[in-house]
Number of protein chains: 2
Amino acid sequence: MKHAPLIAQDHLRCADCAIRHKAVCAYCEPPELAKLDAMKSYRTFQAGETIVWAGEEVEVLGSVVSGVATLSRTLPDGRRQMVGLLLPSDFVGRPGRRTAPYDVVAANEVMICQFIKPKFERLVSATPALERRLLDMTLDELDAAREWMLLLGRKTAREKIASLLVIIARRDAALNNTPIGDGLRFTLPLTREAMSDYLGLTIETVSRQISALKKAGIIILEDSRHVHVPDFVALLDEAGDDSDGGFIS
Amino acid sequence: MKHAPLIAQDHLRCADCAIRHKAVCAYCEPPELAKLDAMKSYRTFQAGETIVWAGEEVEVLGSVVSGVATLSRTLPDGRRQMVGLLLPSDFVGRPGRRTAPYDVVAANEVMICQFIKPKFERLVSATPALERRLLDMTLDELDAAREWMLLLGRKTAREKIASLLVIIARRDAALNNTPIGDGLRFTLPLTREAMSDYLGLTIETVSRQISALKKAGIIILEDSRHVHVPDFVALLDEAGDDSDGGFIS
DNA sequence: CCAATAGTTTGATCTCGATCAAGGTAAGAA
DNA sequence: TTCTTACCTTGATCGAGATCAAACTATTGG
């Protein structure tokens with residue numbers, strides 16, 4: 001049987017597309033999947049707004065359409081570690097679980113394409129292709145988490161910063177459908193504090209290492225949020241390894 | 001419909017049991033699942049033996065029956081970080097993926113209950129309950145990985161050691177069906193070097209912190225591998241948080 | 001028995017990133 | 001405009017954990 005892609009360029013734009021993508025093709029899509037279209041709704045969160053509180057019952061799940069959200073855990077004494085970064089097309093929520101063990105917070109204005117959980121789960125149960133797709137997405141998240149463990153446990157502050165820049169640059173390029181190469185330009189969607197939470201560092205160290213990369217000519221800062229990378233390979237080199245960060249599936 | 005547990009005490013003993021557990025019950029098990037019994041075979045690996053090389057094609061998957069295996073990633077310059085610990089009943093292998101991005105190594109003598117991958121995957125495709133169970137197990141692994149990210153990014157060396165001891169103690173107790181409490185006694189299945197790889201520390205720091213916990217009376221060492229915990233709550237307290245480590249699902 | 005090997009512990013010193021502290025910058029409100 | 005607030009940068013100092021070095025323990029094999 002011939003398989004044609006169900007969604008092309010804009011498969012990142014909303015949750016049901018992100019979920020259907022790869023799960024099925026235009027020729028063999030189970031009719032149940034079309035129901036996703038009817039079920040979805042959109043919701044916007046402001047920067048800093050908490051989308052899900054750790055331990056709280058979650059009644060909704062979906063995926064990020066635009067903006068950036070963070071997953072983070074906090075120790076009783078306030079130490080915080082980000083455990084995931086949700087960029088457009090990433091899935092939010094845990095199918096089959098009642099609560100999340102971490103906070104989900106909007107880093108900037110975030111639009112979510114969402115489904116009512118029980119409805120969505122009923123559809124999943126009835127649609128093996130959807131179940132398979134969710135497993136596939138969860139394996140990608142697991143790879144990303146393990147890649148991050150290597151970074152947290154063994155990389156230097158400078159390598160951590162470079163690695164984060166590489167990931168953001170790659171995702172940014174993928175989102176805009178532009179090739180990755182020299183002369184790359186992108187916007188940091190995170191504050192220095194959020195970066196420090198992600199990298200297991202302090203704000204000051206993040207700021208210092210970014211300044212150091214700037215001084216070394218690896219990056220050029222137009223302002224604190226706008227990065228220009230004249231030589232992408234040089235940045236990759238600073239990251240300590242050449243893996244794809246587990247974020248490309 | 002009434003649900004009865006399919007497997008009781010010994011559900012940890014082999015892969016098809018670990019996988020069937022929770023997926024189904026004695027009354028509603030799909031007939032396909034019985035095929036797991038016919039497909040499984042056992043294989044033993046010596047301590048230090050590599051079960052799967054990073055990037056290598058994997059033709060087999062299954063779960064740990066006895067012993068301990070580790071998942072680890074290595075940077076080009078040799079720095080190593082363990083990204084997962086496989087204790088009895090844990091699943092090995094990535095359904096639907098051709099290769100693994102990390103090495104799987106036997107920490108001591110390990111017995112695996114294994115399935116031939118294509119056969120297993122065909123069965124999975126035909127058995128939605130199995131697919132769901134795999135998703136559930138993968139979500140547990142993801143939770144554990146994220147818990148570990150918090151440890152790697154934000155905990156002190158002492159808290160890291162205490163956290164690892166708590167996890168091993170809990171798994172050990174679960175395996176032997178004994179309650180967790182004071183007067184706990186267990187064997188460390190890892191060398192100091194493996195612990196340092198897991199915790200993002202050096203061997204020396206691991207050794208020193210274990211000595212410090214011993215001096216503080218939190219643990220009593222019968223020899224370097226045999227630990228006695230007089231007061232479990234005191235150990236928990238040293239771990240910095242009271243979560244279950246994501247290892248209990 | 002001794003030698004060799006692998007793992008563990010302890011000490012001395014160094015260094016990277018944390019901490020403490022002070023300014024700088026940009027955007028919005030009064 | 002000036003005040004406020006949030007965010008970012010830079011400097012000085014400190015300390016937890018790394019590194020370097022040596023000794024100790026247990027096991028295996030000749």
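Reader: Which residues are the closest to DNA strand D?
Author: In this predicted model, 17 residues surround DNA strand D. Both protein chains are represented among the closest of them, which are A:Arg192, A:Arg208, A:Ser211, B:Ala157 and B:Thr205.

Reader: What percentage of the atoms of DNA strand D within 4 Å of the protein do sugar and phosphate account for?
Author: Several polar approaches are made to phosphate oxygens of DNA strand D, including one from a polar side-chain atom of A:Arg192 at 2.7 Å. For the atoms of DNA strand D that come within 4 Å of the protein, the share of sugar and phosphate is 63%.

Reader: Which part of B:Ala157, backbone or side chain, provides the polar atom 2.8 Å from a phosphate oxygen of DNA strand D?
Author: B:Thr205 places a polar side-chain atom 2.4 Å from a phosphate oxygen of DNA strand D. For B:Ala157, the polar atom at 2.8 Å from a phosphate oxygen belongs to the backbone.

Reader: Which helix gives the most residues to the surface near DNA strand D?
Author: Helix H7 (203-215) of chain A and helix H7 (203-215) of chain B each supply at least two residues of that surface. By class, the surface comprises 3 nonpolar, 8 polar and 6 charged residues. The most, 5 residues, come from H7(A).

Reader: How much area do chain A and chain B bury between them?
Author: The contact involves 46 residues of chain A and 46 residues of chain B. Carbon and sulfur atoms carry 55% of the buried area, and the total is about 4,300 Å².

Reader: Which three residues supply more than any other three of the area that chain A buries against chain B?
Author: The three in question together supply 19% of the area that chain A buries against chain B. They are A:Arg146, A:Met149 and A:Arg154.

Reader: How many salt bridges are there between chain A and chain B?
Author: One of the pairs joins B:Asp197 to A:Arg154, with the closest N and O atoms 3.6 Å apart. This distance is within the 4 Å cut-off, so the pair qualifies as a salt bridge. Between chain A and chain B the count is 18.

Reader: Which element contributes the largest share of the side of chain A that touches chain B?
Author: Across this interface, 26 residue pairs are in polar contact. Strand E4 (69-74), strand E5 (80-86), helix H4 (128-154) and helix H6 (192-199) of chain A each give two or more residues to the side of chain A that touches chain B. The largest share, 21 residues, comes from H4(A).

Notes: Residues are numbered from 1 along each chain as its sequence is written. Chains are lettered from A and ligands numbered from 1 in the order in which they are written. This is a predicted model: local features need pLDDT of at least 70, side-chain atom pairs count only at pLDDT 80 or more; totals for chains, interfaces and linings use all residues. Side-chain values use heavy atoms; hydrogens and water are left out. Contact means heavy atoms within 4.5 Å. Buried area is the accessible area (1.4 Å probe) that two parts lose on being put together, summed over both. A salt bridge is a side-chain nitrogen of Lys or Arg within 4 Å of a carboxyl oxygen of Asp or Glu. A polar contact is a pair of N or O atoms within 3.5 Å; within protein, one must be able to donate a hydrogen and the other to accept it, and residues adjacent in sequence count only if both atoms are side-chain atoms. Helices (H or I, at least four residues) and strands (E, at least two) are DSSP runs, numbered from the N terminus. A residue is near a molecule or strand if one of its heavy atoms lies within 4 Å of it. Ala, Val, Leu, Ile, Met, Phe, Trp, Tyr, Cys and Pro count as nonpolar, Asp, Glu, Lys and Arg as charged, and the others, Gly among them, as polar.
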